[in-house]
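Here are a few friendly notes to read with the structure open beside you. Take them one at a time, and find each part on screen before moving on.

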Amino acid sequence: MALSERERAAGAREVLERFRQAAIGQSVDDMSRLYAVGAVHEFPFTLPGLPSRLEGRDEIVNWIAAGWKADLLRYERYRTLAIHETDDPETIIVEQEALGTSASTGEFALPNIVVLTVHNGQITHLRDYVNIPAAAAAIGRDI
């Protein structure tokens, strides 16, 4: 799974766009290429029974793929509200909405904030501040 020179040179904004495309296309291979072997994906806001931290590419991608297989939400596009640069050139803060269709409730807009850190064109750390009430509503569940 060696990255091309172009992929290794990708900054956080380009990796963000590749992440979004992998999510829309539900591509396990593309998602695997995006995460570094030792990556961490965190959910600071979560519910009992759901992970707050995933460690390592395999654990992260397997968890994402299981969500796709459950077919509760299908992302169709993202709307960027703002991207904030940080003092670290490898980290950006993204205010966005994932837009798509829910098998249970129809169209949804899922707001969230992502703190994305990349190195050599791969995600090394992603803090995913999911809007839990909006996510629950999108899949037709009460919290």
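This is a predicted model: local features need pLDDT of at least 70, side-chain atom pairs count only at pLDDT 80 or more; totals for chains, interfaces and linings use all residues.

1. The largest nonpolar core has 36 residues. Within this core, the residues with the most contacts are F19, M31, L34, Y35, L116, I123 and L126. Which helix gives the most to this core? Helix 2 does, with six residues.

2. Now zoom in on F19. If you set aside its neighbours within four places in sequence, F19 is in contact with M31, L34, Y35, Y78, I123 and L126.

3. Six strands form an open sheet in the order 2-1-6-5-4-3, and their pairing is mixed. Strand 2 (53-55) and strand 3 (73-85) are the edge strands, each pairing on one side only. From one strand to the next, the twist averages 20°.

4. As a reminder, strands of a sheet pair through backbone hydrogen bonds, and they can be parallel or antiparallel. For an example here, look at strand 3 and strand 4 (residues 91-102): they run antiparallel and are joined by eleven bridges.

5. Helix 4 (residues 57-70) lies across strand 1, strand 2 and strand 6, and runs at about 60° to strand 1.

How values were computed: Residues are numbered from 1 along each chain as its sequence is written. Side-chain values use heavy atoms; hydrogens and water are left out. Two strands pair if DSSP finds at least two bridges between them. Helices (H or I, at least four residues) and strands (E, at least two) are DSSP runs, numbered from the N terminus. Axes are lines fitted to C-alpha atoms, for helices over the stretch in contact, and angles run from 0 to 180 degrees between N-to-C directions. Contact means heavy atoms within 4.5 Å. A nonpolar core is a set of buried Ala, Val, Leu, Ile, Met, Phe, Trp, Tyr and Cys residues joined through side-chain atoms within 4.5 Å. Buried means under 20% relative accessible area, exposed over 50%, partly exposed in between (1.4 Å probe, protein chains only).
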